[in-house]
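This briefing goes through selected local features of one protein model, grouped by topic and meant to be read beside the coordinates. The sequence and structure come first, and the notes follow.

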Amino acid sequence: MKYIFLYHACSANVPLHVFAVFLPGGSVKLRIVDPATRRQPIPRLQEQYVDQLRQFREQYDEPKSYTYPETLDISTAYHSNDVSALKAVSRELGLLEDKPFIVVISPSKDDSYFDQYLPNLSKFPTLSMPKARALHTLDIFSWQMHVACKLMTQYLTMRSWIEWLITLADYYDIPMGHVEGDQALYCIDVNTQDQPKDLL
């Protein structure tokens, strides 16, 4: 199975967004909404990825069913607002709708946001990673430096998260797509429902 990874970070105070689409083969489409008069690029993205990939491999066994590329082919485009950026992402997904891909989202907003502004997402099976605010906020000084680390961290942990999801789904005999949000509480609830009533 092949995956498309979509990362989204944003600010709660200004119209600032970063969308990153990681495609199979190592291509990354970066789409940024930045109202600043003097825009600062996200620095050292390629180097950040190579460094974090090396550290990742030193600390963890690389997932057997997924191989991370040695380098990334990163392109960056700026947009006037998030709707425009998401339209571009939707067009990119539309070109791949006949492929057997699963889209994994590392989101900063609820699913309804992507349902509304990313219509081609509905043409793919999707999995949504936890919406941890610290991993998706741009409300921080020199956000460009911080977001590089955050988005690469999420990309590199994606496969381990998917494998953990598969393990939970197999153990509790439920569809993988249903084990999202608070996975632990969901699985406890499923396990409780399966218990004989005289044991509850």
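The model is a predicted one, and in it Ser142 belongs to the loop that runs between strand S6 (126-128) and helix H4. Although Ser142 is not a glycine, its phi is positive, at about 55°.

**Backbone angles in loops**

- Arg44 is another residue that is not a glycine and yet has a positive phi, in this case of about 50°.
- Gly25, in the turn of the hairpin formed by S2 and S3, has a positive phi of about 100°.

**Gln144 and its surroundings**

- Gln144 has its place in helix H4, where it counts as buried because its relative accessibility of 11% is under 20%.
- Leaving aside residues up to four places away in sequence, Gln144 touches Gln40, Pro41, Ile42 and Pro43.
- With Gln40 there is also a polar approach, in which a polar atom of the Gln144 side chain lies 3.4 Å from the backbone oxygen of Gln40.

- Strand S3 (residues 27-33) is mostly covered, with six of its seven residues buried.
- Strand S2 (residues 17-22) pairs with S3 in the antiparallel sense over six bridges, and within this pairing Val18 stands opposite Ile32 in S3.
- The hairpin made by S2 and S3 has four residues between the two strands.
- S3 also pairs with strand S4 (residues 73-79), here in the parallel sense and over seven bridges, and the bridge partner of Ser27 in S4 is Asp73.

**Aromatic rings**

- The whole structure contains ten aromatic pairs by the search that was run.
- In the pair of Tyr49 and Tyr155 the ring centres are 6.1 Å apart and the planes meet at 40°, so the arrangement counts as tilted.
- This pair links distant parts of the chain, because Tyr49 sits in helix H1 (residues 45-59) and Tyr155 in helix H4 (residues 143-172), with 106 residues separating them.
- Tyr49 and Tyr155 are both buried, and they belong to one aromatic cluster together with Phe5, Phe22, Phe56, Tyr60 and Tyr68.
- Tyr113 and Phe114 make an edge-to-face pair, with 5.2 Å from centre to centre and 85° between the planes, and both of these residues are buried.
- Lys109 lies over the face of Tyr113, at 5.3 Å from the ring centre.

**Cysteines**

- How many disulfides does a search of the whole structure find? The search returns zero.
- Cys10 counts as buried, because its relative accessibility of 11% is under 20%.
- Cys149, by contrast, is partly exposed, since its relative accessible area of 34% lies between 20% and 50%.

Conventions
Residues numbered from 1 in each chain as written. Predicted model: local features only at pLDDT ≥ 70, side-chain atom pairs only at ≥ 80, totals over all residues. Heavy atoms only, no water. Disulfide = S-S within 2.5 Å. Buried < 20%, exposed > 50% of the residue type's maximum accessible area, 1.4 Å probe, protein only. Phe/Tyr/Trp six-rings, centres within 6.5 Å; stacked < 30°, edge-to-face > 60°. Lys NZ or Arg CZ within 6 Å of the ring centre and 35° of its normal. Pairing = 2+ DSSP bridges. Polar contact = N/O pair within 3.5 Å; in protein donor to acceptor, adjacent residues only side chain to side chain. Contact = heavy atoms within 4.5 Å.
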